[in-house]
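Morning, everyone. Please look at the slide while I talk.

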Amino acid sequence: MSKLIAPSVLAADFANLQRDVEMINRSDADWFHIDIMDGVFVPNISFGMPVLRDIVKHATKTIDCHLMIIDPDRYVETFANLGCDILTVHYEACTHLHRTLQLIKSHGMKAGVALNPHTSVDLLKDVIQDLDMVCIMSVNPGFGGQSFIENTYDKVKALKKIITEKGADTLIEIDGGVTDKNAKQLVDAGADVLVAGSYVFKSNDQEATVAGLKKLVN
Ligand code: DX5
Ligand code: ZN
């Protein structure tokens with residue numbers, strides 16, 4: 001399977017959102033990565049349902065939605081109705097993770113779990129068969145533009161080992177500080193999906209940056 005690139009809309013220009021969504025449509029990107037923050041689970045508020053609704057209206061690719069919110073079960077149905085294809089919740093925000101994963105799937109979405117940098121991949125051993133994706137946070141969630149945490153490579157390798165041993169087909173996504181400097185090493189360690197916000201949107205030629213990243217890892 002080819003390695004996937006998911007630009008993070010958090011780094012887009014919100015006053016020119018349609019333009020930036022269409023840039024992703026045209027580019028070699030595979031998914032839209034959408035960051036929803038509640039100001040409680042993370043120390044920042046990003047955007048909510050009305051903005052997501054308008055993104056989905058123009059987006060022509062998979063919607064990969066990353067919920068950085070407490071008690072995400074409350075909104076699973078809402079995000080399904082908004083058109084999300086993959087819904088990722090945080091391990092640290094779910095008391096009954098297995099139940100939350102079933103809820104996400106019952107609404108026709110793929111289910112993902114994100115791990116903060118301090119959370120061990122070993123904690124997923126017992127639910128790995130139920131997971132379509134694990135998102136390894138390579139920064140502390142809450143903000144774009146932070147530097148990549150080097151320990152991530154070891155986490156990716158350890159998670160890949162668990163997935164292989166259990167015979168699961170779970171994808172590994174990396175989120176935070178991804179650039180051309182770490183992308184190749186990440187996929188060599190076992191990553192399948194790379195989220196990139198600032199690296200794409202702060203570049204002069206965004207489409208060329210996406211194309212370069214896609215080529216670098218495939
Ligand atoms: C951080 C978000 C990321 C963020 C990545 O909490 O989950 O998706 O947008 O942005 P960069 O690529 O700039 O680190
Ligand atoms: Zn994210």
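I will go through a metal site, one of its histidines, and then a pair of helices.

First, the ground rules. This is a predicted model: local features need pLDDT of at least 70, side-chain atom pairs count only at pLDDT 80 or more, and totals for chains, interfaces and linings use all residues. Residues are numbered from 1 along each chain as its sequence is written, chains are lettered from A and ligands numbered from 1 in the order in which they are written, and side-chain values use heavy atoms, with hydrogens and water left out.

Now the metal. Which residues are the protein donors of the zinc ion (ligand 2)? They are His33 (NE2), Asp35 (OD), His66 (ND1) and Asp175 (OD), at 2.0 to 2.3 Å. Donors here are N, O and S atoms within 2.8 Å of the metal (3.2 Å for Na, K and Ca); water is not among the atoms, so sites may look incomplete. The zinc site is octahedral, its six donor atoms making angles of 70 to 168 degrees. For six donors, octahedral means opposite donors over 155 degrees apart and all others between 65 and 115.

In sequence, the donor residues follow the spacing H-x1-D-x30-H-x108-D. Aspartate 35 is in strand S2 (residues 31-37) and aspartate 175 in strand S7 (residues 171-175), so the pair ties together parts 140 residues apart in sequence. Strands are DSSP runs (E, at least two residues), and helices are too (H or I, at least four), numbered from the N terminus.

Are these aspartates buried or exposed? Aspartate 35 is buried, at 4% relative accessible area. Aspartate 175 is buried as well, at 8%. Buried means under 20% relative accessible area (1.4 Å probe, protein chains only).

Next, histidine 66. It sits in strand S3 (residues 62-68). At 0% relative accessibility, histidine 66 is buried. Leaving out residues up to four places away in sequence, histidine 66 touches several residues, including His33, Asp35, His90 and Asp175. Touching means heavy atoms within 4.5 Å.

Last, the helices. Two packed helices are described by the angle and the distance between their axes. Helix H1 (residues 17-26) and helix H2 (residues 49-58) have axes that come within 9 Å and cross at roughly 45 degrees. Axes are lines fitted to C-alpha atoms, for helices over the stretch in contact, with angles from 0 to 180 degrees between N-to-C directions. Across the pair, Leu17, Gln18, Val21, Glu22 and Asn25 in H1 meet Val51, Ile55 and His58 in H2.

Methods:
Four donors count as tetrahedral if all angles lie between 85 and 135 degrees; four count as square planar and six as octahedral if opposite donors are over 155 degrees apart and all others between 65 and 115; anything else is irregular. Buried means under 20% relative accessible area, exposed over 50%, partly exposed in between (1.4 Å probe, protein chains only).
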